[in-house]
Amino acid sequence: MKGTFPIEKFAQLRTPFYYYDMELLRRTLHAITSEAARHEGFVVHYAVKANANPKVLRAIRQAGLGADCVSGGEIEASIKAGFPPSKIVFAGVGKSDWEINLGLDNDIFCFNVESVPELEVINQLAAEKGVVARVAFRLNPNVGAHTHANITTGLAENKFGIAMRDMESVIQRAAALSNVRVVGLHFHIGSQILDMGDFQALCNRINDLQNQLERLHISIEHINVGGGLGIDYQHPNRVPLPDFKAYFDTYSRRLKLRPGQTLHFELGRAVVAQMGTLITRTLYIKEGAVKKFCIVDAGFTDLIRPALYQAYHKIENISSEEPYDTYDVVGPICESTDVFAKQTDLNRVHRGDYLAIRSAGAYGEIMASQYNCRPLPQGYTSDEL
Ligand SMILES: *Cc1c(COP(=O)(O)O)cnc(C)c1O
């Protein structure tokens, strides 16, 4: 089974480009908001770093999600797309002063703080403006995730967050500062997680922590468990939606929220990955000594995940119904890692055929670069084509 694309509309567009299926995006957003609404106190944010295309951001804002930002540029993009500052959170290990000031000037909901030096700088900058910044501490729960080593974030060895054993002293340090107010705890264990057991392990860790805090008479208004829910890269047509029900049910069953506490989520990939496709055209078929190469006009400058993480993306020849042949699908960039797939079966490919590189809506367009002086790929939505 192949995806359906308005291929006749593609002729007017320069390839490669991203095609965003807005109907699927809206279906995904509806599934998220309706599943989350079944649980009291659940609040969902969108991790802007997955895809900050303005048209995509606007659709997500319209569905009522908040924005999880990791840079000043993302805060600006979110405000431009209409997200209210009261729904913007700002995370990241290395926030610059101008970025913190931008967050303070807009009175964003919360800064997710990752170290004591950062806490002190936020306090100082807030004091200069005569305001009090709401902060959450990002704790490193030392919980592994069954995903690629480059995208685990919650292990003690990772650069993210504050070590659990330092939690108490950090909270006490914050209490002594007059221009920050601790409102939450924040966690994020990694990305492309499909095993609900990983999220259960995080819940267990947070439950222990809450018991500990209770003994210290410290109360916390909200818990933020980050994102990380994975998608089915193998079967984008059969499984276009992640299992949001299982995801939210896991937290609902396992995490013991205190009365009045809210539980915040920051989903990125699960929101936007399946609705995006990188459309590329075939330049040449080259018969190598031992295999056939399908050389396309997209490269890792357009979609870097295969080169960066050996990530799998399903590829379809949407111009041909001819019998299958086996190809290495490669780009034009002068690097040996510029390969989208090795030994993959495609309907026989000819020069000019459109290939659809699927599940590319997350960490695709946003990670594009201009290496080799290549133009950045454009993103088009199904609404506008
Ligand atoms: C990247 C990131 C997310 C989103 O991760 P996904 O795997 O795309 O859901 C959420 N929270 C934080 C802090 C992040 O850095």
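Predicted model: local features only at pLDDT ≥ 70, side-chain atom pairs only at ≥ 80, totals over all residues.
Visitor: Which two residues does a cis peptide bond join here?

Guide: To read such a bond, one looks at the omega angle. In this structure the cis bond joins Thr-15 and Pro-16, with omega at about -5°. Pro-16 belongs to the loop that runs between α1 (7–10) and β1 (17–20).

Visitor: Which residue has a positive phi of about 55° although it is not a glycine, and where does it lie?

Guide: That residue is Gln-192. Its place is the loop between β8 (180–186) and α8 (196–215).

Visitor: Is Gln-192 buried or exposed?

Guide: The reading rests on relative accessible area, and buried means under 20%. Gln-192 counts as buried because its relative accessibility is 14%.

Visitor: Where is Ser-359 placed, and what is its phi?

Guide: Ser-359 is found in the loop between β16 (354–357) and β17 (378–381). Its phi is near 55°, a positive value in a residue other than glycine. With a relative accessible area of 0%, Ser-359 is therefore buried.

Visitor: Which polar backbone atom is 2.8 Å from an oxygen atom of the ligand?

Guide: Such pairs are read atom by atom. A polar backbone atom of Arg-269 is 2.8 Å from a ligand oxygen atom. A backbone N or O atom of Gly-228 also lies 2.8 Å from an oxygen atom of the ligand. For Asp-68, a polar side-chain atom lies 3.3 Å from a nitrogen atom of the ligand. On its own the ligand has 390 Å² of accessible area, and the protein covers 94% of this.

Visitor: How many residues line the second largest pocket?

Guide: A pocket is described by its space and by its lining. The second largest pocket holds about 220 Å³ of space. It is lined by 15 residues, and those nearest its centre are Thr-4, Asp-21, Leu-24, Asn-237 and Arg-358.

Visitor: Which helix gives the largest share of that lining, and how does the lining divide by class?

Guide: Helix α2 (residues 22–37) gives the largest share of the lining of the second largest pocket, with three residues. The lining comprises six nonpolar, five polar and four charged residues.

How values were computed. Residues numbered from 1 in each chain as written. Heavy atoms only, no water. Helix = DSSP H or I, 4+ residues; strand = E, 2+ residues; numbered from the N terminus. Buried < 20%, exposed > 50% of the residue type's maximum accessible area, 1.4 Å probe, protein only. Polar contact = N/O pair within 3.5 Å; in protein donor to acceptor, adjacent residues only side chain to side chain. Areas by Shrake-Rupley, 256 points an atom, 1.4 Å probe, with all protein chains shown as cover. 1 Å grid on protein atoms, 1.4 Å probe; cavity = no way out; pocket = protein on both sides within 12 Å on 5 of 7 lines; lining within 4 Å. Points joined across faces, edges and corners; volume = space filled by probe spheres on them. Nonpolar A, V, L, I, M, F, W, Y, C, P; charged D, E, K, R; others polar.
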